[in-house]
Amino acid sequence: MQYTLQTLAAVAALLGPVGTILGLVQSRGWLTGLGTVVFAISIVAIIYARSQRLRVDAASVEIEGISIDSFNIANLRRGVNRSLMVQTADHIITIDDADLEMVWRYAGYCRTRSETAMEFSIDSESNIPFNQLDCFAYDLKSDPDKKHKIEPLLLGPDSLSKKIAVPFLEPLTAQQPFDIMLHCRMPGTYKPGVGYYTSTLSFDQDKIGRCTVYLTFIRRKPDWVRVYACDAAGRPRLLKTLRPVTEQLESVTYRDVAEKIGAQSVRIYLFKRENF
């Protein structure tokens, strides 16, 4: 699509001046006007094609030779939540050989007149069908004992980056607090070598008070765990190398705590495991 627009723009840019010149030579006002219109359209098409190319380039992220596929796709269709004010975010991630288990918890309050659901983006290296993700959620304000599982709804295509909605047990009203937890299990996500997990925030506010990410690896300790952040242009930069906070016989856990983190930001956790 991008190259088609560029081709059409180039043809229009050529035909426009030609039509204008012929119109002037033959003193035909309609031909001159048509050439001018075609030339103007070509300028608009060139600007649009360039903006699309820049958008794709900005969405493409590569770290240490690894293309962050799920993040790249998510960037092209990422939305911003404008109805909820998030104060804390917790991502509890468990990686058991090839399998990934995610527990996300967000707490805050409703900033609009009402809200019936919270949307999430589930990104992974492989396209696991939504019905195989073992996805369920809890509305912890209305159901603190977790007696009522909520079944998330898939929004849009079932791709590497899935958009889902988790309905609240009761609609929120203005300033009403919320505390919601989402669980997803993604089998067969990883292969030996370098893998990654992305922690993405996309809310219409300046900062989130605290975001905590726990990464627990079962049985096999990774060679290293590195944290990267991406700027608005999609350029990654290394923030830190994490050290384990707990080590047990069958597991090792890493923790990353960010205070007053940007509400529209992403952190990519890169790790290396040779064999499993």
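## Cores and cysteines in a predicted model

The largest nonpolar core here has 47 residues, and Tyr-106, Met-118 and Leu-215 have the most contacts inside it. A nonpolar core is a set of buried Ala, Val, Leu, Ile, Met, Phe, Trp, Tyr and Cys residues joined through side-chain atoms within 4.5 Å. This is a predicted model, where local features need pLDDT of at least 70 and side-chain atom pairs count only at pLDDT 80 or more, while totals for chains, interfaces and linings use all residues. Residues are numbered from 1 along each chain as its sequence is written, and side-chain values use heavy atoms, with hydrogens and water left out.

**The cores**

- Two or more residues of the 47-residue core come from each of strands E3 (84-96), E4 (99-110), E5, E8 (161-173), E9, E10 (193-218), E11 (224-230) and E14 (251-273).
- E10 gives the largest share of this core, eight residues.
- Another core lies apart from it and has nine residues, including Trp-224, Tyr-228, Cys-230 and Ile-268.
- Tyr-106 touches, among others, Val-86, His-91, Met-118, Phe-120, Phe-178, Ile-180, Leu-201 and Phe-203, leaving aside residues up to four places away in sequence; contact means heavy atoms within 4.5 Å.

**The disulfide and other cysteines**

- One disulfide turns up in a search of the whole structure, a disulfide being a pair of cysteine sulfur atoms within 2.5 Å.
- Its partners are Cys-135 and Cys-184, with an S to S distance of 2.1 Å.
- The pair links distant parts of the chain, 49 residues apart: Cys-135 is in the loop between strand E5 (114-123) and strand E6 (136-139), and Cys-184 is in strand E9 (residues 177-186).
- The disulfide is right-handed because the torsion about the S-S bond of Cys-135 and Cys-184 is about 80 degrees.
- Cys-211 has 5% relative accessibility, so Cys-211 counts as buried.
- Cys-230 has 15% relative accessibility and therefore counts as buried too.

**The whole protein**

- The protein has three helices and 14 strands; helices (H or I, at least four residues) and strands (E, at least two) are DSSP runs, numbered from the N terminus.
- Of its 276 residues, 45% count as buried.
- Among contacts with a separation of 6 or more, 74% are between residues 24 or more positions apart.

Conventions:
Buried < 20%, exposed > 50% of the residue type's maximum accessible area, 1.4 Å probe, protein only.
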